[in-house]
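I opened the model to look up its core, its chain interface and its salt bridges. These are my notes, in the order of looking.

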2 protein chains.
Amino acid sequence: MGLDEAATKPHEQLAAHLTERMAAVNVLIRERMASRHAPRIPEVTAHLVEAGGKRLRPMLTLASAEMCGYDGDFDVHLAATVEFIHTATLLHDDVVDESAQRRGRPTANLLWDNKSSVLVGDYLFSRAFQLMVETGSLRVLDILSGASATIAEGEVLQLTASRDLSTTEEIYLQVVRGKTAALFSAATEVGGVIAGAPEAQVQALFDYGDALGIAFQIVDDLLDYQGQSSATGKNVGDDFRERKLTLPVIKAVAAADAEERAFWKRTIEKGDQREGDLDQALALLDKHGTLEATRAEALAWSARAQTAIRSLPEHPIRTMLDDLAEYVVARIS
Amino acid sequence: MGLDEAATKPHEQLAAHLTERMAAVNVLIRERMASRHAPRIPEVTAHLVEAGGKRLRPMLTLASAEMCGYDGDFDVHLAATVEFIHTATLLHDDVVDESAQRRGRPTANLLWDNKSSVLVGDYLFSRAFQLMVETGSLRVLDILSGASATIAEGEVLQLTASRDLSTTEEIYLQVVRGKTAALFSAATEVGGVIAGAPEAQVQALFDYGDALGIAFQIVDDLLDYQGQSSATGKNVGDDFRERKLTLPVIKAVAAADAEERAFWKRTIEKGDQREGDLDQALALLDKHGTLEATRAEALAWSARAQTAIRSLPEHPIRTMLDDLAEYVVARIS
């Protein structure tokens with residue numbers, strides 16, 4: 001690895017290494033999101049697809065396939081599938097959360113309307129299934145339809161679990177697996193499957209994606225309480241104001257005395273929030289050391305991702321994925 | 001056919017003939033809509049699944065498979081798939097249209113919330129794909145994922161086409177194919193495919209479902225202007241009040257003079273509706289004979305469905321499907 005490469009971030013190294021394949025993915029995405037009959041579809045999706053996300057998920061599929069020696073064309077189909085599923089869930093999230101910002105731009109929901117977000121999401125989801133059917137691999141279809149069900153299940157679980165103080169760390173982990181890790185692990189796993197990699201490698205790729213996704217989401221939830229809004233595109237305390245029960249608060253509730261419990265009950269369960277409550281919440285997280293404990297969990301999942309990826313044979317991409325697992329926790333290290 | 005059977009409606013005859021297979025479909029539906037982690041999912045879906053719809057679509061799949069001599073078990077999987085896709089689109093429609101009633105009950109949307117409707121719909125959609133993956137038939141997967149894309153495309157097209165006076169009968173037909181006929185034709189087609197029927201029969205089954213679905217939707221749109229609310233569960237003029245451009249109005253706009261055009265522009269495009277406008281609209285439909293012309297189109301599609309189904313070998317089910325094509329237009333005959 002040259003000095004220049006060493007100086008760039010791991011996802012940028014991946015992007016540089018995969019430039020040609022990702023260009024093919026982008027061509028396929030544009031081609032398949034077009035609709036002869038309904039021009040609004042590409043209007044809505046272009047807004048998201050062109051918004052300059054990191055395209056981490058499709059890169060994980062391409063990287064996994066290449067690392068396992070794949071030399072066919074269906075890695076591009078599967079990478080586009082994964083990005084379509086991701087975009088569809090973002091569109092449906094916009095409806096669902098009434099979120100005002102996504103990647104620093106207004107959401108599709110505000111630019112267009114709820115109807116378009118729901119239906120265009122459905123369209124992308126269907127197109128994703130058509131793309132994977134073309135690969136002719138029933139195992140790939142099984143993995144990605146299962147991941148889609150897990151994503152939806154995780155989001156529904158989040159509806160009932162957030163704002164409920166009895167939510168445990170175990171339930172939190174199920175939600176995180178659904179909303180984030182399921183698509184990461186499916187993205188890496190199908191790369192190995194399409195390449196015909198040995199089962200142990202396919203399992204390692206799954207484990208890597210799963211742990212990477214969990215680390216990624218825990219970091220996100222941690223930064224909500226200690227990040228700077230310029231770095232995250234969110235304001236400190238958004239989750240608190242939206243009464244989302246994430247790991248730092250779940251840990252603080254578990255350690256709370258009666259008075260503290262009453263505070264969480266009022267602010268999170270009942271939603272009765274007053275001036276100074278965010279400061280009080282931050283003080284309680286500090287008192288019980290839950291931000292530090294949350295940070296330690298993120299680091300542990302990052303280490304698990306590294307252990308998994310290191311079980312694969314040496315490969316330049318393996319190094320990049322190893323570095324990526326470290327990079328996702330770099331913001332909190 | 002005995003006197004008793006002759007006295008019942010064709011969909012009731014189908015239901016009686018398919019009792020055992022439909023019981024297996026219902027077991028599978030209940031089994032697969034369960035979620036270990038998210039109990040809200042069966043709560044929301046039970047509301048729709050138990051609401052006592054006619055289950056016409058899954059019956060079409062079972063009927064087509066049996067008629068083509070299928071004796072395996074995957075007809076039940078495919079029938080459940082079709083019902084899941086249908087239920088998912090109903091849930092998403094509820095969010096989308098802010099409709100207040102569905103099958104005479106409050107919509108899921110009002111009983112629960114938008115979030116649940118979107119996410120539980122996504123869950124059912126994913127479960128539908130998992131069910132069809134289990135059949136192992138890539139052709140079936142191709143047909144049903146294609147139908148799903150056509151459904152979403154038709155609904156998006158409807159968003160842009162309704163309230164737009166330049167909408168043609170051709171566009172109306174595309175919308176109707178998407179929102180209704182695509183799932184009917186996929187339901188009958190996959191029945192033939194899973195049975196390994198000859199291509200000409202598979203095509204005839206597709207044509208039957210397509211024409212039946214179109215006739216069904218045109219009747220629905222016609223009854224909105226001349227039905228009785230007790231029979232349809234809708235009030236006369238709902239589409240007018242919601243400014244939906246359906247066939248009777250599209251034909252009246254095409255025949256309108258300048259003054260009439262201004263009326264449609266004000267009421268449908270601009271949504272400026274006053275007392276007496278519905279009566280005026282009905283008078284214009286009457287003046288140009290568009291209800292009669294719409295009725296003739298529904299009858300023509302019904303006849304096309306009968307022509308298609310009669311190309312198949314004689315079979316008791318064939319007679320029921322033939323009668324069904326007549327029955328869907330009986331309300332307007």
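**Terms and ground rules.** I call a residue buried under 20% relative accessible area, exposed over 50% and partly exposed in between, using a 1.4 Å probe and protein chains only. This is a predicted model, where local features need pLDDT of at least 70, side-chain atom pairs count only at pLDDT 80 or more, and totals for chains, interfaces and linings use all residues. Residues are numbered from 1 along each chain as its sequence is written, chains are lettered from A and ligands numbered from 1 in the order in which they are written, and side-chain values use heavy atoms, with hydrogens and water left out.

Entry: I looked up D239(A) and K244(A). Their side chains form a salt bridge, with N to O at 3.9 Å. The rule asks for a side-chain nitrogen of Lys or Arg within 4 Å of a carboxyl oxygen of Asp or Glu. K244(A) is partly exposed, because its relative accessibility is 22%. D239(A) has a relative accessible area of 3%, so D239(A) counts as buried.

**Entry: a link between helices.** Next I took E297(A) and K251(A). Their closest N and O atoms are 2.7 Å apart, in a salt bridge. E297(A) sits in helix α17 (residues 290-309) of chain A and K251(A) in helix α14 of chain A, so this pair ties together parts 46 residues apart in sequence. Helices here are DSSP runs of H or I with at least four residues, strands are runs of E with at least two, and numbering starts at the N terminus. E297(A) is partly exposed, because its relative accessibility is 25%. K251(A) is buried, because its relative accessible area is 14%.

**Entry: other salt bridges.** How many salt bridges does the structure hold over all chains? I found 36. In chain B, R32(B) pairs with E31(B), with closest N and O atoms 3.5 Å apart. R32(B) is buried at 17% relative accessible area, while E31(B) is partly exposed at 47%. In chain A, R21(A), D73(A) and D75(A) are linked in a network of salt bridges.

**Entry: the interface.** I then turned to where the chains meet. 40 residues of chain B are in contact with 40 residues of chain A. Contact means heavy atoms within 4.5 Å. About 3,700 Å² is buried between chain B and chain A, and carbon and sulfur atoms give 74% of that area. Buried area is the accessible area (1.4 Å probe) that two parts lose on being put together, summed over both. For polar contacts, I counted 6 residue pairs between chain B and chain A, both residues at pLDDT 80 or more. Such a contact is a pair of N or O atoms within 3.5 Å; within protein, one must be able to donate a hydrogen and the other to accept it, and residues adjacent in sequence count only if both atoms are side-chain atoms.

Which helices of chain B each supply at least two residues of the side that touches chain A? They are α4 (40-49), α6 (74-97), α8 (114-135) and α9 (138-161). By class, that side of chain B has 18 nonpolar, 13 polar and 9 charged residues.

**Entry: a serine in α9.** S145(B) lies in helix α9 of chain B. Is S145(B) buried or exposed? S145(B) is buried, because its relative accessible area is 0%. Setting aside neighbours within four places in sequence, S145(B) is in contact with S126(A), F129(A), Q130(A), V133(A) and F129(B). A polar atom of the S145(B) side chain lies 3.4 Å from the backbone oxygen of D142(B).

**Entry: positive phi.** I checked R243 in both chains. Phi is near 60° in R243(A), a positive value in a residue other than glycine. R243(A) lies in the loop between α13 (238-241) and α14 (247-254) of chain A. R243(A) is buried, because its relative accessibility is 17%. In chain B, phi of R243(B) is near 60°. R243(B) lies in the loop between α13 (238-241) and α14 (247-254) of chain B, and is buried at 17% relative accessible area.

**Entry: the core.** Last, I looked up the largest nonpolar core, which has 211 residues. Such a core is a set of buried Ala, Val, Leu, Ile, Met, Phe, Trp, Tyr and Cys residues joined through side-chain atoms within 4.5 Å. Y208(A), W264(A), L321(A), Y208(B) and W264(B) touch the most other members. Not counting residues up to four places away in sequence, W264(B) touches residues including L165(B), F240(B), V249(B) and E269(B).

Terms used: Ala, Val, Leu, Ile, Met, Phe, Trp, Tyr, Cys and Pro count as nonpolar, Asp, Glu, Lys and Arg as charged, and the others, Gly among them, as polar.
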